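Subject: Structure for you to look at

Hello,

Here is the structure I promised to pass on. Please open it next to this email and follow along.

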Amino acid sequence: MNSPKEDKSKGLGQDIALLCVGLLFISTTGVLARSIELSAITIIGWRSVFAAVFLSLFCRWKGFSFKLDKKVFYINLIAGVLLGVHWVTYFISLKLSSVAVGMLALFTFPTITALLEPLMLKTSFSVFHLFLGVLVLFGIYFLAPDLSLENEMFKAVLFGVFSALCFSIRNILMKQQVAQSNGSVLMTWQLIVVGGLLFPYLIWNLKTPTIGDVSGILALALLATAIGHTLFAYSLKKFSATTTSIIGGLQPVFGIVLGYVFLKEALTWNTLVGGGLILSTVLLESYRMFRKGN
């Protein structure tokens, strides 16, 4: 018979494994975004519409109620708007640069989360998380050392950092809600918000897509959104938003590998050093979690 400590460690390992699977699915976003020959707003709009359909069917199948109390509904509405802005600016970053630069720029969000979570949720401030955030910032510096708006890479990093800010605030708001509401239901409502806001643009700019565009958007909707983000939302029940964000540093590592394999994107020394610094924060935070039992 396993001891309570062993059972807790096993459960923690399973939760981390589910989070990593979710991150792997989400990391396909970079490759798919650069493969689809449509604008960032168009991709995000149709992605949200299809993903909302997939998740709605899943929630119906599981018998989840879509009802939310008034406070949760309005907070989730704000979270949906933040999610939409995060996705659009992130895809612009990817279009301006590469999978590696776009994804690593986004991963300033653990730093932002570590700074904002204590303020927004009135939790204790962690100097260790700030240290990990500084490591991430050093990693980002290697991506765009030329701080000029005439530099496409620098503009890509700016869009990525703004995307990270929106994603951080959205995750912190979600942390407050997943404890009392189903993560799949919350994600479905947020997708409806994003799809509803962008639907007029989609209709006004309706064009005949290629088979590759359709298959890419469907893959984004099902793998990266419906499955990946649902698992990510589930992880917020188990870990703090900051811990989830830092472990999420695996996402750009997955994305860089996928970009290299499928898009033949070259890996520069700057990218390798920046990615190495981000990966080190994942390993350090995982070690800290197992020592403390999270």
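A word on burial first: a residue is buried under 20% relative accessible area, exposed over 50%, and partly exposed in between (1.4 Å probe, protein chains only). By that rule E265 is buried, because its relative accessibility is 15%.

Two notes on the source. This is a predicted model, in which local features need pLDDT of at least 70, side-chain atom pairs count only at pLDDT 80 or more, and totals for chains, interfaces and linings use all residues. Residues are numbered from 1 along each chain as its sequence is written, and side-chain values use heavy atoms, with hydrogens and water left out.

Overall picture

The protein has 13 helices and zero strands. Helices are DSSP runs of H or I with at least four residues, strands are runs of E with at least two, and numbering starts at the N terminus. Of the 294 residues, 51% count as buried. The accessible surface comes to about 14,000 Å², and 70% of that belongs to carbon and sulfur atoms. Areas come from the Shrake-Rupley method with a 1.4 Å probe; for residues, only the protein chains shown count as cover. Take the contacts between residues at least 6 apart in sequence: 88% of them join residues at least 24 apart. Contact here means heavy atoms within 4.5 Å.

Covered parts

Helix α5 (residues 99-106) is mostly covered, with eight of its eight residues buried. Among them are V99, M103 and L106. T29 sits in helix α2 (residues 28-35). T29 counts as buried because its relative accessibility is 2%. Beyond its neighbours within four places in sequence, T29 touches R47, Y90, F91, L94, L220 and A224.

Salt bridges

How many salt bridges does the structure hold? There are two. The test is a side-chain nitrogen of Lys or Arg within 4 Å of a carboxyl oxygen of Asp or Glu. In one, E265 meets R34 at 3.0 Å, N to O. E265 is in the loop between α12 and α13 and R34 is in helix α2, so this pair ties together parts 231 residues apart in sequence. R34 is partly exposed, at 31% relative accessibility. In the other, E152 pairs with K155, and their closest N and O atoms are 2.8 Å apart. These two are three residues apart in helix α8 (residues 152-177), so about one helical turn separates them. Both ends are partly exposed: E152 at 38%, K155 at 28%.

Rings

There are nine aromatic pairs in the whole structure. Rings of Phe, Tyr and Trp (its six-membered ring) pair if their centres lie within 6.5 Å; planes under 30 degrees apart are stacked, over 60 edge-to-face, the rest tilted. W46 and F199 are edge-to-face, because their centres are 6.3 Å apart and their planes stand at 80°. W46 is in helix α3 (residues 40-62) and F199 in helix α9 (residues 183-204), 153 residues apart. Ring pairs link W46, F50 and F199 into a cluster.

Surface patch

V257, Y260, V261, F262, L267, W269 and L272 form a nonpolar surface patch with about 780 Å² of accessible area together. Patch residues have over 30% relative accessible area and no salt bridge; like charges are joined within 9 Å, nonpolar side chains (Val, Leu, Ile, Met, Phe, Trp, Tyr) within 5 Å. Helix α12 gives the most, four residues. W269 lies in helix α13. W269 counts as exposed, at 70% relative accessibility.

Best wishes
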